[in-house]
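Welcome, and thanks for opening the viewer. Let's take a short tour together, one selection at a time.

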Amino acid sequence: MSAPLLRTAVFFLLAILFVNAPLTRLRPAAFTPRVASAASRDPVRASHGMVASTNKLASEVGVDILKRGGNAVDAAIAVAFALAVTYPAAGNLGGGGFMLIRLRDGRTTAIDYREMAPAAATRNVYLDAQGNLIKGEGSSTIGYRAAGVPGTVAGMALALRKYGSGRLTWAQLAEPARRLASDGFTISYNLANSLDGNKLLAGYADSKRIFLNNGRYFKEGDTLRQPELAATFARLQRGGAREFYEGETARLIAEDMRRNKGLMTLADLRGYEAKERTPIRTTYRGYEIISMPPPSSGGAVLIEMLNILEGYDLRGMNWASSEKYHLVTEAMRRAFADRAEYMGDTDFVKVPIAGLIDKKYAERQRTSINLERASTSAEIGAGRPTGYESEETTHFTVVDAQGNAVSNTYTLNLGFGSGVTAKGTGVLLNNEMDDFAAKPGTPNAFGLIQGERNAVAPRKRPLSAMTPTFVLRKDGTLWFTIGTPGGPTIINTVLQAIINIVDHDMNIQQAIDAPRIHHQWLPDEIAYEPYGLSADTQRALVGRGHKLVTRPRYMGDAHGIMIEEKTGMRLGASDSRNEGAAVGY
Ligand code: DON
């Protein structure tokens with residue numbers, strides 16, 4: 001070999017070795033296939049505590065409370081108050097929701113702070129003289145008459161009194177929110193978008209002044225200050241939770257209601273009670289599922305679907321296969337049909353919960369599922385369990401250093417609720433009355449058909465789909481927390497996140513980010529997210545007899561925390577569909 005040729009050969013040999021050596025060294029780590037392959041960022045890792053919510057400022061408020069010695073419940077209360085300021089579409093003082101708590105010793109409980117119907121809300125309150133649903137102002141969705149009696153303040157007070165650490169006071173937990181309201185915070189792109197040209201809020205003077213900059217609208221990067229809301233927080237700090245229901249705040253709300261022909265009175269506010277309920281539970285492939293009982297339908301519908309799906313080898317099916325989507329859809333169809341027929345506020349009506357979540361019932365439900373063909377919702381009505389006689393909401397979750405956990409979903413119902421800010425309080429009021437069947441058999445804003453058991457009645461709580469949930473490992477320790485907004489899609493989002501983790505080995509972030517589908521019995525169609533189903537899968541599903549519709553938007557805004565088995569690390573995940581953040585320490 002000539003010298004130049006030798007030099008070239010050596011050069012290439014060295015080059016190959018040089019380039020390949022690091023690759024060979026890196027390959028095992030960089031190319032180790034992940035357990036699941038769905039592309040998404042890694043969860044946020046922290047060794048002590050974690051908060052995941054739809055707003056970074058609120059998550060930071062929660063972490064600060066944890067660092068100051070507060071437990072998960074203390075932090076959750078501060079996050080709920082902070083979101084009432086920084087996420088006005090759903091964070092609230094004027095709405096309600098559900099807080100699921102699991103203490104480090106394994107005790108679990110559910111705080112029900114769902115809104116209650118005012119005394120004047122009788123069965124046909126939303127029907128005109130001809131028996132038709134009233135539209136616009138006066139309806140169950142818009143304006144003063146749409147608001148149920150808010151439960152958030154009472155719910156937070158109950159949670160603090162019974163499960164707070166005792167190291168931080170009510171006033172201390174409200175202080176970060178008061179400060180955010182008083183000093184203001186920077187308006188994000190999403191918030192600016194949701195306020196820009198908002199016709200609902202434009203219809204009410206205080207809403208227009210506060211949230212729409214009096215019709216001049218805010219831009220991304222502007223500061224939103226809410227002085228009346230800050231003053232309301234200051235009154236709550238001084239007077240405690242009862243101030244909201246009996247003090248100056250109550251008086252301001254009732255007075256504004258009276259002036260505008262609303263339903264809610266001072267007596268309604270005085271009579272509001274948050275309630276502690278026993279969570280609903282089952283196992284799914286040996287893992288314990290703990291979720292929300294009525295007046296949310298979330299836990300029962302979720303469990304019925306999981307029970308049905310337990311009979312199939314989902315793990316053996318490809319994650320994105322039409323055969324899996326087919327079965328998941330058939331489970332959704334049947335559980336949502338039962339929801340429409342059987343579910344309502346158990347303080348008022350009998351709901352056959354035990355029958356609905358019975359594994360034997362799921363076995364019977366499975367017999368009507370054809371593996372090759374879609375059922376039709378017309379033929380699949382509610383089953384026969386034994387013993388039967390928009391949109392915005394927000395979910396957040398906290399796990400503290402001791403292992404106490406909170407999974408909380410609360411809402412004004414649709415984005416910015418009724419649109420009404422009670423004069424002088426800065427408090428946006430909910431339109432949760434639309435979650436009742438204003439006219440049984442007629443769809444509500446979510447297209448949900450609901451039955452007599454969910455008809456309007458004084459002091460009754462409207463049926464909800466909110467599904468704050470915990471899943472435990474087989475040794476009984478906390479595995480992960482999960483929840484989301486999205487009206488009826490809530491239950492299906494939680495279902496799919498659980499399946500993604502249990503059956504498809506995804507981590508919490510992947511499970512949340514993966515595309516979702518939704519079927520709610522009626523309308524008889526599968527809704528899927530943009531880019532969520534391949535054309536081949538769509539063809540296969542249509543071939544089985546399913547009808548498909550694309551959602552113009554993504555479904556939900558889920559947040560979850562998983563405890564890593566080996567290390568105990570808290571892995572926080574905030575939905576990539578929105579601008580939330582998991583923050584830990
Ligand atoms: O309680 C319920 O089921 C509804 N009020 C939730 C509304 C909701 O999630 C709107 N969000 N996208």
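pLDDT is the predictor's confidence in each residue, on a scale from 0 to 100. Colour the protein chain by it: the average is 93, and 93% of the residues score at least 70. This is a predicted model, so local features need pLDDT of at least 70 and side-chain atom pairs count only at pLDDT 80 or more, while totals for chains, interfaces and linings use all residues. Residues are numbered from 1 along each chain as its sequence is written, and side-chain values use heavy atoms, with hydrogens and water left out.

Next, select residues 1-35. Here pLDDT stays under 50, and the model has 10 contacts (heavy atoms within 4.5 Å) beyond four places in sequence for this stretch.

Finally, zoom in on individual atoms. A polar side-chain atom of Ser464 is 2.6 Å from an oxygen atom of the ligand, and one of Arg114 is 3.0 Å from a ligand oxygen atom. At Glu392, look instead at the backbone: an N or O atom there lies 2.8 Å from a nitrogen atom of the ligand.

Note on methods: Polar contact = N/O pair within 3.5 Å; in protein donor to acceptor, adjacent residues only side chain to side chain.
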